[in-house]
Structure formats: structure tokens, C-alpha cells
Amino acid sequence: MNRYIFKTVILSGVVALAGAIGPACTENVEIPDAQPVAELPDWEDNVDGSVYDYTLTNAPETPYNHDYANSMVLKLFMARPNTVEGGSNVSLTYEDALRVIKGIDEISRGVKKIVYLVGWQYDGHDWKYPAFFEFNEALKRDEDATAADSYHWLREEAKKYNTVVSVHVLLGDAYPNSPLWHEYVKNGFICRDAQGNLTPLAVFNGQQVYNVNNTREWQKGALQARLEKLIDLCDLKDAGTIHFDAFFGRASAYDDLTAEEMEVTLRKVLRWMRSKGIDVTAEFFHNTQRVDPFYGLQACAWWDDRTPAERIAMPQGLADGGNIGRFSRWAEDIFLFGDSYGAENDFNFVDYDPTRNWAAAWGAAKLGIATQVIPMLYFHQSRPIAYDSSKKTVTYENGTVSDYNNQTVRHGNVLLRDHDNTFFPLVQTKDGVPEIMAYSKNGYANRRWTLPDDWKNLTSVEMIPLSEEGLGQCSTLAVTDGTVTLSLNANSMVILRKL
């Protein structure tokens, strides 16, 4: 089977990647030596690579396109290469992805969502980097001619459900089966050790992976060229956002470049993408692999690994998550600050659940949205002003107190959460009508909840079951002395609405 090999050509002093038909790189058993080639001219670089000091303004260097602090940031795992039989192990088709998006929109009552597709390219996740120039045809809808058609269909359909769809890629990985492999080796775009050997990273999907020298790639314009192609292919200017996984500086001793020096290039990439109208989100802010967390340049972290002290000191909208990723404090920080709901593992029907148990996936989505997202959005109405590490509490400016030791959240005297039983007024709703979401992980009978002050003069409220299918049959619930009494089955949620 023929594949595209992208040759390096010079156009007006800028390196571009032009397609030409050639043999598959995998037909070459041996990794080619990095033989000297004619030196490419440097790209005319006027992009700033300096560290951004966010403390001068407490704001992003350039305003972001999306409000990440008040959005759900998700990934959908689409496919992984089948390294035994070839082709793809498909988790979600584009049709399936819309099913997930619609269901999550229902459960969250229309919360704004940003979804990054994982494994959308070639045969799936972690395959053929540094190239990302072909859609995975195994994911397309039957009625579409190509997977590209299905991808663009999904993007437009998702907008109806308060959702922006974009893609997940890696900039720093290089695979010997990539259509760009030979050119990247020959041009010195792969990191090398002091002796000149290519630097291995790890083995993924049966392939030895190497580190891309993003600095040399940037200097020659090749990094910009492959990003330009990706922007056009996936219509990223419309999405206004992209996710770069494992966005770290990699050292190349042969080129006398440290990981910290590589970060200069990564800051250039962040600013260059913003100049194209695209926010960059990435895997972490810290994770011990960065010197600079890129606060104010990187819009969001998938694993938001800021400390409680950092969270309290920073204003909303500067650097947000994402999902809380301080792994040793996972449960505590999620409870205290709320969290996004990632969806990636729950709907991964390749690595986590080959039985494709949709009911279990929807149950996990309900739990994540009710106990992480809805509290997060409620907390984000006000800023955190105090963290007590011994009592394990966070106090918010509006008087809300999140108490991890006692597993409660209270706004004044009103109980909003008791363990995994929640009763939160919603910040975002589908039609703007005030709503409260009540949820229970294990279920309960005849539990009394105090209504917010602006609900207490009511004599009754509507109660409507909520699932991924939407709202169920409405009934009336009496209000007694500003309280309502509920009974919920395990892993069920209801919406209360003012009559």
C-alpha cells in the first residue's frame, strides 16, 4: 500500500511540507543514519520566546477564545492501532462521538464543553507522529464518503449541543513508521545524545518512539509548516483550540540544547498559535518535566496540577483545568475545588471496556458531572480566599465552605453536599430557568434538603428525572418551611424547577 512521504522544499525562504508518492517507511528495516545533508536556511523568526510574567497583569498575555474555567474539558478516545492484524481497534466512531456529546449535554444541562478527539489520525492514538495529516477512515459514518467528511459533520452537529470539537496531537514524538521519518532524521529534527545516537523515548503500540528536536524543527520552519497543514485539515481556526499532549522540552545533547532551552521554542509555538487565533491546551502545567508552567500562555491543562496555594493566588481565566492532576492529593483537591469531567476512560471501549457497556459509561458520567463539574461551576462564581491544610477546607469569598474532612459543602447554613449526595443550584441551564440538580451515588429515602433563600417562598416545585436521554416525566414536589424531601435511587439525578 502506498503512503505519502512528505519532502522538504523551500518556498520563499520558508520550509513547507509537500506530498509525493513513495514507499512506506516501514519497508525500511533499519533506521536510516542521520547523514549530513545540505543545510536548510533558517526560517525568519520574529516570535518571542521569553518567559511571560503573568504577575504583572494577572491576565493571559492574549485573551483566550474560550472560558476554560467555566467549561467542561473532555477527551473522547476514538481508536488505537491494531498492531496484530493491522488497521484500527475502534472505540468510538464519529456517530458514537455525537451520541456521547448529546448525552453529556443532557446530563450537564447544557454546560459549555470542549472536546478533543484522541486517535482521529491514521490508525489511531500514538501512531505515525510527527505526521498528523490523514483522518482515520475506520471512524467515518456509512453515509459519508470520507472520515474527513464525518469529522466536519461532527464539529457542526456538536455546536447544537454547546460543544466545540477539536483534536489531540503530540508535537514531540517521532515514529519510524511515520511518513515524515526519513526527512526528520536527515535534517536533524530528532534529538540525539552526545555521541550522536537518536534518543529513544519509550515503546508505544509496538514502535520505538524518539524525541523530536522541536527547536531545530522550528528554526527551519518545518514545525510551523506541519502545524499550518493541521490547522487547515481540521479547521482549527473555527474551533479556536487544540490540545498538545506531552508538551515538554526535550534535551538534545548533540545539539547542545537542554530541556529548558527547548522551552523557549515551546513558548514561541504557544504565541504563534495564538497569532493564528488558536488556544493551546496541554497535558500539565508542571509534572516535574517543565521549568516554566507557561501560565498565561497555555490556556488550560488536562491535568491541572497546581497546588491549592497556586489556585487561591491565581485569578480565574489565567490558567485553568482540565482535570485535577496532583495525583497524591487527587480526591482531596477535587472535593475542595471541583473538577472537570474528562470522559476519556469511561467511553474508551478498547483499553478499558471492550464489552462496550454503555450503561456503565453513562453511570460514570453522571457521577463525574454531579460530583465534580456542577460543584466546580458553583465554586467558580466566587474566588477561593483561604485554604486550611490541617482542617482540609477551602473558603470562598461568597461564604461557601468546602470541607474535605467532613465531606460537606455548605453555603452559609444551606447544605449543598454530603459525601456523594449533592444539591447544587445550577450556574448554567439549557433555557435560563433556575434549576437545582440533586444527585445520589448510593441512593437514599426521605432526605430533607433546605432550598436556597430565593426559593423558600415557594409552596411547590417541579421535580424531573434526568438522564443521558434528557428530562423525564415531571411531577410536583411540596415545599415545607423552605425545604423539600427527596428519595433517590442509586446513581440517579433529578432537576428541581420553580413553578
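**View 1. Helix 10 and the lining of the largest pocket.** Helix 10 supplies five residues to the lining of the largest pocket, the most of any element; helices here are DSSP runs of H or I with at least four residues, strands are runs of E with at least two, and both are numbered from the N terminus. This is a predicted model, where local features need pLDDT of at least 70, side-chain atom pairs count only at pLDDT 80 or more, and totals for chains, interfaces and linings use all residues. Residues are numbered from 1 along each chain as its sequence is written, and side-chain values use heavy atoms, with hydrogens and water left out. A pocket is an open set of points on a 1 Å grid over the protein atoms alone, where a 1.4 Å probe fits, with protein on both sides within 12 Å along at least five of seven lines; lining residues have an atom within 4 Å of a point. Of the 24 lining residues, Trp330, Ile334, Asp339, Gly368 and Gln372 lie nearest the centre.

**View 2. The second largest pocket.** Look here for His125, Asp126, His168, Asp245 and Glu283, which lie nearest the centre among 23 lining residues. Strand 3 (72-77), strand 7 (163-170), strand 9 (200-204) and strand 13 each give two or more residues to this lining.

**View 3. Tyr94 and its surroundings.** Setting aside neighbours within four places in sequence, Tyr94 is in contact (heavy atoms within 4.5 Å) with residues including Met78, Leu117, Trp120, Phe135 and Trp153.
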